[in-house]
Amino acid sequence: MHPARWRPILAEGLVLAACLLAAPALAQTAGGEGLSPTLANIKATHSVRLGYRESSPPFSFLDHSNRPIGYSLELCDAIVDEIGAEVDDANLKIDYVKVTSDDRIPAVVDKKIDLECGSTTANAERGKQVAFSPLMFVAGTKLMVPKASSVNQVGDLKGKTVVVTKGTTNEQAMHNVDAKQSLGLNIVTSGDHEQSYQMLVDGKADAFATDDILLYGLIARHKSQDKFRVTGDYLSYDPYGIMYRKGEPQMKEVVERAFRKLASNRDIIPLYNKWFVARLPTGEKLNVALSPQLEEAFKVLDESN
């Protein structure tokens, strides 16, 4: 990470994150009576539906057996444990539901999933529709280009084709920078990050714009370090969170309690290192150290200090 580049947008982002987390919380409900709608349904069905992504390593992706794994899913597992304590059911079943960038928010709103465990940016616009967990990662839009490309900054893309994944904040970020710098970009969309990556491989785009950590993850996953590189300044600030339904203070308290326990028990940093520093179960190694911004966010959650 390059802290100096974050400073102009970091303060705004942290204020936004504080606003998104400002709703009041309710105390635990004894005996399962008066549970919020999501928790009441979980208690009735004895199951929690987790939304996962197929190609957002290391947050949420498929292993060699097509089993959903990742950092976000492990955070969701901790939330499921806390939900179990709240509804007095220690043996909740987990149902995995595939979501995409485009349908993940409707999946939460329309009650198709209870938690979205992917790589989703918490922002004010999305905060009108859904609620977010405390900060779990800080990313930003960058560009992936072929190694031999002359593109080093977004300005070098004038008149060229950029692929973005539909329904992402990166799509809006590229339209914003296109308008601001009058670049005349041809911005095309695909259904998921894997498809966007493939468009770059096939020469159908000059650059792929998405969050930097996802670009590094895709390059590592495809072992294409000799073919592609990540370049440019950050074009957006993207604080990630776990999504769940808005307007349920009791669910909010359960989610935040799970994060506070992870931080207070010193479990959250080893969990981070498992997915971002150590070798992944699928063999890749990202070597992305904990950023100062995220370390500070985790310290804020630590109630043992």
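What share of the contacts in the protein with a separation of 6 or more comes from residues 24 or more positions apart? The share is 78%. A contact here means heavy atoms within 4.5 Å.

1. **Ground rules.** This is a predicted model, in which local features need pLDDT of at least 70, side-chain atom pairs count only at pLDDT 80 or more, and totals for chains, interfaces and linings use all residues. Residues are numbered from 1 along each chain as its sequence is written, and side-chain values use heavy atoms, with hydrogens and water left out.

2. **Overall make-up.** The protein has 11 helices and 14 strands. Both are DSSP runs, numbered from the N terminus: helices are H or I with at least four residues, strands are E with at least two. Of the 305 residues, 55% are buried. Buried means under 20% relative accessible area, exposed means over 50%, and partly exposed lies in between (1.4 Å probe, protein chains only).

3. **Strand β1.** Begin with β1, residues 47–52. Five of its six residues are buried, so the strand is mostly covered. β1 pairs with β5 (residues 93–98) in the parallel sense, over six bridges. Two strands count as paired if DSSP finds at least two bridges between them. Val 48 has Ile 94 in β5 as its bridge partner. β1 also pairs with β6, again parallel, over two bridges. There, Gly 51 stands opposite Glu 116. As background, strands of a sheet pair through backbone hydrogen bonds, either parallel or antiparallel.

4. **The disulfide.** A search of the whole structure finds one disulfide. The term covers a pair of cysteine sulfur atoms within 2.5 Å. Cys 76 is joined to Cys 117, with an S to S distance of 2.1 Å. The pair links distant parts of the chain, 41 residues apart: Cys 76 is in helix α3 (residues 71–87) and Cys 117 in strand β6 (residues 115–121). Is the disulfide left-handed or right-handed? The torsion about the S-S bond is about -105 degrees, so the disulfide is left-handed. Cys 76 is buried, at a relative accessible area of 0%. Cys 117 is buried too, with a value of 0%.

5. **The three-stranded sheet.** Strands β2, β3 and β4 form an open sheet in the order β2-β3-β4, with antiparallel pairing. β2 (55–56) and β4 (68–69) stand at the edges with a single partner strand each, so one side of each has no neighbour in the sheet. Two bridges pair β2 with β3 (residues 60–62) in the antiparallel sense. Ser 56 has Ser 60 in β3 as its bridge partner.

6. **A closer look at Ser 60.** Ser 60 counts as buried because its relative accessibility is 0%. Its side chain reaches the backbone nitrogen of Arg 53 at 2.8 Å. That is a polar contact: a pair of N or O atoms within 3.5 Å, where within protein one must be able to donate a hydrogen and the other to accept it, and residues adjacent in sequence count only if both atoms are side-chain atoms. Leaving aside neighbours within four places in sequence, Ser 60 is in contact with residues including Tyr 52, Ile 69, Leu 73 and Cys 117.

7. **The five-stranded sheet.** A second open sheet for your list has the order β11-β10-β12-β9-β13, with mixed pairing. β11 (186–190) and β13 (228–231) are at the edges, each with a single partner strand, so one side of each is left without a neighbour in the sheet. The twist averages 30 degrees from one strand to the next. Angles run from 0 to 180 degrees between N-to-C directions, and axes are lines fitted to C-alpha atoms, for helices over the stretch in contact. β10 (residues 161–165) and β11 run parallel, joined by five bridges. Val 163 stands opposite Val 188 in β11.

8. **Helices on that sheet.** Helix α6 (residues 169–181) packs on the sheet and touches β9 (141–146), β10, β11 and β12 (207–211). The direction of α6 makes about 150 degrees with that of β10. Helix α7 lies across β9, β10, β11, β12 and β13, running at about 155 degrees to β12.

9. **Helix α7 itself.** This helix spans residues 193–201, and its buried residues are His 193, Ser 196, Tyr 197, Met 199 and Leu 200. Seen down the axis of α7, they fall within an arc of 155 degrees, so they line one face of the helix. The arc is that of the directions from the helix axis to the C-beta atoms. At the start of α7, a side-chain oxygen of Asp 192 comes within 3.1 Å of the backbone nitrogen of Glu 194. Just after α7, Gly 203 takes a positive phi of about 75 degrees.
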